[in-house]
Amino acid sequence: MNYFFTKKSGMLFVVSTKHNVSPSFVFDALYRCMKVFWDYLGVLSEEAIRKNFILIYEIIDEMFDFGHPQSMTTEAIKDYIVNTPVMV
């Protein structure tokens, strides 16, 4: 089991993998996720993520399919996201 993490805005963003994968691939996907979260929420904070848990879950569901990255930009997934963000 491999773990990758990065700290941003005082929070840890963690990815775990069962197989050996390229660290640059994992970190690229993680940073792209954080960018999309930032685009939707306007801020990356624990409170914003808690209040928008359903939206975050929906974004992750559209970005990854069976653990494989699919559409990794805000523009690519905006037509598929139906929830609206709750501002903090």
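The legends below describe close-up views of a predicted model. Residues are numbered from 1 along each chain as its sequence is written, and side-chain values use heavy atoms, with hydrogens and water left out. Local features need pLDDT of at least 70 and side-chain atom pairs pLDDT 80 or more, whereas totals for chains, interfaces and linings use all residues.

**View 1. The hairpin of β1 and β2.** Strand β1 (residues 2-8) runs antiparallel to β2 and is joined to it by seven bridges; strands pair if DSSP finds at least two bridges between them. Y3 has S16 of β2 as its bridge partner. Two residues separate the strands, and S9 in the turn has a positive phi of about 55°.

**View 2. The largest pocket and its lining.** A pocket is an open set of points on a 1 Å grid over the protein atoms alone, where a 1.4 Å probe fits, with protein on both sides within 12 Å along at least five of seven lines; lining residues have an atom within 4 Å of a point. The volume, the space filled by probe spheres set on the points, is about 590 Å³. Of the 21 lining residues, V15, S16, T17, F64 and G67 lie nearest the centre. β2 (11-17), α1 (23-41) and β4 (68-69) each give two or more residues to this lining.

**View 3. Contacts of I77.** Contact means heavy atoms within 4.5 Å. Leaving aside neighbours within four places in sequence, I77 is in contact with V36, Y40, I59, E62, M63 and S71.

Methods. Helix = DSSP H or I, 4+ residues; strand = E, 2+ residues; numbered from the N terminus.
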